[in-house]
Amino acid sequence: MDIRYYSSRSKAERDWILQSPERSGAGLGIEEGARPRAVLVCLALLTLSLVMGACGSGGAAEIEAEGVWSRPGVQGNMGAVFMMLKNEGGEADRLLSAQTDVADVVEIHETVVEGDVAKMQRVTGGIEISAGGEVELKPGGYHVMLIGLSRDLAVGDRFAVTLSFEKSDDLTVEAEVR
Ligand SMILES: [Cu+2]
């Protein structure tokens, strides 16, 4: 028997391996055991790169909010927040909801005119911002409705509003009371 193959092993190891033909594959067994781990690492890296790719600028929606402002208001009454929403990404997205500490309830509304009556209604399904497009929330149109102000909003005050989208991450912006 040629034992040079085992020359890097100690005599005790050689003897142990040579005792049983099945064990002669022990060295390979370690290699084979390592293979599933390598596959798992590859899968993990692939998953990570896919996740990172989805977060990059490659087509995903990327919303920016500019000129965020609010009307003044009195505690207990209603208020409204306006802004310009820009989608810098390559995919359409939707503003679905908003949150703020200064109101009990926050809804996405639009003002619609029926005959000579202007009324507000909730926007079902959110406000769509097309890929590369922009939508202005402005008096007489879309707005973030603040129902039940928890404090007075005086000109010059600032407060945080968090916007939630269908695809983009939540975006917290500062509204200025004008
Ligand atoms: Cu409204």
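What follows is a short chat about a predicted model.

Colleague: What is the mean pLDDT of the chain, and what share of residues reach 70 or more?
Modeller: The mean is 81, and 67% of the residues reach 70 or more.

Colleague: Where does pLDDT stay under 50?
Modeller: One such stretch is residues 45-58, for which the model has 5 contacts beyond four places in sequence. Over residues 1-7 the pLDDT is also below 50. That stretch, residues 1-7, has 3 contacts beyond near neighbours in sequence.

Colleague: New topic, S164. Which strand is S164 in?
Modeller: S164 is in β9, which covers residues 158-165.

Colleague: And why does S164 count as partly exposed?
Modeller: Because S164 has 16 C-beta neighbours inside 10 Å. A residue needs 20 or more to be buried, and 12 or fewer to be exposed.

Colleague: What does S164 touch?
Modeller: Leaving out residues up to four places away in sequence, S164 touches L96, S97, A98 and D170.

Colleague: How many residues apart along the chain are S164 and R94?
Modeller: They are 70 residues apart along the chain, and their C-alpha atoms are separated by 8.5 Å.

Colleague: On to the core. How many residues are in the largest nonpolar core?
Modeller: It has 26 residues. V81, L95, V144, L146 and V161 have the most contacts inside it.

Colleague: Which strands each supply at least two residues of this core?
Modeller: β1, β2, β3, β4, β6, β8 and β9 each do.

Colleague: Back to L146. What is L146 in contact with?
Modeller: Apart from neighbours within four places in sequence, L146 is in contact with M78, G79, A80, V81, T100, V102, A103 and V106.

Technical notes
Residues are numbered from 1 along each chain as its sequence is written. This is a predicted model: local features need pLDDT of at least 70, side-chain atom pairs count only at pLDDT 80 or more; totals for chains, interfaces and linings use all residues. Helices (H or I, at least four residues) and strands (E, at least two) are DSSP runs, numbered from the N terminus. Two residues are in contact if their C-beta atoms, placed from the backbone, lie within 7 Å. pLDDT is the predictor's confidence in each residue, from 0 to 100. A nonpolar core is a set of buried Ala, Val, Leu, Ile, Met, Phe, Trp, Tyr and Cys residues joined through C-beta atoms within 7 Å.
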